[in-house]
Amino acid sequence: MSVEPVQKHTVHTLVFRSLKRTYDMFVNEQGFMPELDTHSHKMKMALKARDQYEPILHLPTEDPKATRKQHAPDAIIHPVIGAVDPKTGQSSEQPGNVNKDDSVSDLPYTEDTPMPPSSMAPNDSNQVALFNAHQRHEQQTKSALMKKAPTLPKPNWHPPWKLFRVISGHLGWVRSIAVDPTNDWFCTGSADRTIKIWDLASGKLRLSLTGHISAVRGLVVSNRQPYLFSCGEDKMVKCWDLEQNKTVRHYHGHLSGVYSIDLHPTIDVLATCGRDSTTRIWDMRTKACIHSLSGHNNTVASVRCQAAEPQVLTASHDSTIKLWDLAAGKCRATLTNHKKSVRALVLHPKLYSFASASPDNIKLWKCPEGNFMQNLVGHNSIINAMAVNADNVLVSAADNGSMHFWDWSSGYCFQKLQAQVQPGSLDSEAGIYAVQFDMSGSRLITAEADKTIKVYKEDETATEESHPVVWKRTLNMKKAF
């Protein structure tokens with residue numbers, strides 16, 4: 001028995017046939033709405049009436065004119081001057097023309113005639129109910145307006161910061177910082193191609209790691225394994241075993257310099273970005289590239305990872321910020337509010353929000369959709385790095401050596417510092433390339449262009465009287481663009 005060969009069709013033909021069958025199936029029912037469910041409609045209207053018209057839903061329906069006439073005999077009402085008496089045909093211009101024995105209902109009545117006092121007597125239940133309903137409606141309106149009124153958050157007082165220690169040891173610009181999760185040490189990467197590990201308490205050098213052949217631009221320490229990850233302008237991404245003090249893994253794939261690196265907080269995933277305009281997601285153990293997130297059309301300067309959505313955030317020199325879906329490997333939102341290159345991103349350690357920095361201003365965003373919150377205006381420089389601690393202190397560091405300290409909730413800049421270069425350096429070498437708080441949030445570490453590492457701490461002698469809060473809200477704090 002011979003089997004007839006099945007005719008093969010192209011994908012385009014099969015898709016077109018499927019669309020045609022679907023159209024033929026539903027074309028006859030197009031424009032026909034389902035029947036209205038009477039019971040559901042009545043229930044909907046009842047709920048809508050109770051929700052929107054409850055204050056006036058059960059008011060009396062008597063005619064106001066009839067109510068006025070009903071109470072008219074209890075009071076003395078003066079006729080309107082110039083009106084004609086319907087019985088005598090005489091004008092009531094003179095007060096003496098009014099007959100006291102005539103019925104009050106025979107007198108002319110206009111809409112401008114005031115209500116008699118007896119109509120507002122306490123024994124009139126209809127009028128009392130109407131008055132009470134009106135009062136309730138006014139109170140509800142006032143309370144709604146009070147709830148919708150915008151509130152201006154008052155800045156929290158923060159003590160000023162001062163220089164605590166200057167550490168020298170690198171032979172080139174210090175480009176990156178990472179702090180150990182145990183808060184025992186921190187490491188720095190430099191343009192001298194070395195990674196140095198320093199004691200956080202004393203500031204003394206513990207170890208130097210060599211292996212990169214160009215500037216080390218990013219560092220991150222794992223909080224679950226004894227690993228240190230580094231990236232540099234030599235296109236290399238390295239994994240260092242801190243128990244053996246040597247490289248154990250390489251991650252190959254970037255086509256140009258790698259400028260930023262970050263670890264996912266809950267899964268063994270590594271994110272890197274660089275000058276090839278892509279962000280790559282790596283499996284930490286197998287060294288495989290899980291995703292190559294492309295979408296930026298210029299250098300990707302910063303990448304950050306978090307456990308909640310969006311799990312990956314990137315900032316680029318194309319003045320955009322992208323929020324990525326890590327599972328699908330696709331962009332879920334693009335923020336185009338900045339006008340210039342975005343070089344720094346920072347995630348708040350407690351709040352579900354993040355900040356981005358550009359020469360135009362610093363913007364605060366709300367996760368997961370990236371809704372704009374407010375601007376931090378005043379740091380008009382090329383901002384290379386930012387850091388925030390659990391006390392809502394945000395620090396922005398710029399290319400000219402200036403540092404601004406902000407209150408996260410209100411956007412108030414409570415301190416401005418200018419980094420001092422070490423003796424023998426030029427004033428133009430005052431640039432700051434990286435800032436990082438330690439795990440306690442009480443020490444601030446900066447990596448600078450004068451080849452030094454500076455440590456700042458809070459001023460213990462400062463009080464609210466010696467450093468008062470002088471805050472004035474500016475109009476452009478809420479401008480999204």
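Which strands form the open sheet of four strands, and in what order? The order is β10-β11-β12-β13, with antiparallel pairing. The model is predicted: local features need pLDDT of at least 70, side-chain atom pairs count only at pLDDT 80 or more, and totals for chains, interfaces and linings use all residues. Residues are numbered from 1 along each chain as its sequence is written, and side-chain values use heavy atoms, with hydrogens and water left out.

**The four-stranded sheet**

- From one strand to the next, the twist averages 20 degrees. Axes here are lines fitted to C-alpha atoms, for helices over the stretch in contact, and angles run from 0 to 180 degrees between N-to-C directions.
- Five bridges hold β10 and β11 in antiparallel pairing. Two strands pair if DSSP finds at least two bridges between them.
- Val258 stands opposite Gly274 of β11.
- Strands (E, at least two residues) and helices (H or I, at least four residues) are DSSP runs, numbered from the N terminus.

**Strand β28 and its partners**

- Strand β28 covers residues 452-458, and six of its seven residues are buried. Buried means under 20% relative accessible area, exposed means over 50%, and partly exposed lies in between (1.4 Å probe, protein chains only).
- Strand β1 (residues 161-168) pairs with β28 over seven bridges, in the antiparallel sense.
- Ser168 faces Thr452 of β28.
- Strand β27 (residues 443-448) also runs antiparallel to β28, joined by five bridges.
- Ala447 has Ile453 of β28 as its bridge partner.
- Three residues lie between the strands in the hairpin of β27 and β28. There, Lys451 takes a positive phi near 70 degrees.

**Salt bridges: the count and a helical pair**

- The structure holds 13 salt bridges. Each is a side-chain nitrogen of Lys or Arg within 4 Å of a carboxyl oxygen of Asp or Glu.
- Asp24 and Lys20 form one of them, at 3.2 Å from N to O.
- Both residues lie in helix α1 (residues 11-26). They are four residues apart, about one turn of the helix.
- Asp24 counts as partly exposed because its relative accessibility is 41%. Lys20, at 47%, also counts as partly exposed.

**Salt bridges between separate elements**

- Arg217 bridges to Glu233, with the closest N and O atoms 2.7 Å apart.
- Arg217 lies in strand β6 (residues 216-221), and Glu233 lies in the loop between β7 (227-232) and β8 (237-241), so the pair ties together parts 16 residues apart in sequence.
- Arg217 is buried, because its relative accessible area is 18%. Glu233 is partly exposed at 32%.
- Asp268 meets Arg285 in another salt bridge, at 3.2 Å from N to O.
- This pair links distant parts of the chain, 17 residues apart. Asp268 sits in the loop between β10 (258-263) and β11 (269-274). Arg285 sits in the loop between β12 (278-283) and β13 (289-294).
- Asp268 is partly exposed at 22% relative accessibility. Arg285 is partly exposed too, with a relative accessible area of 49%.
- Lys162, Lys457, Asp459 and Glu460 belong to one network, joined by salt bridges that share partners.
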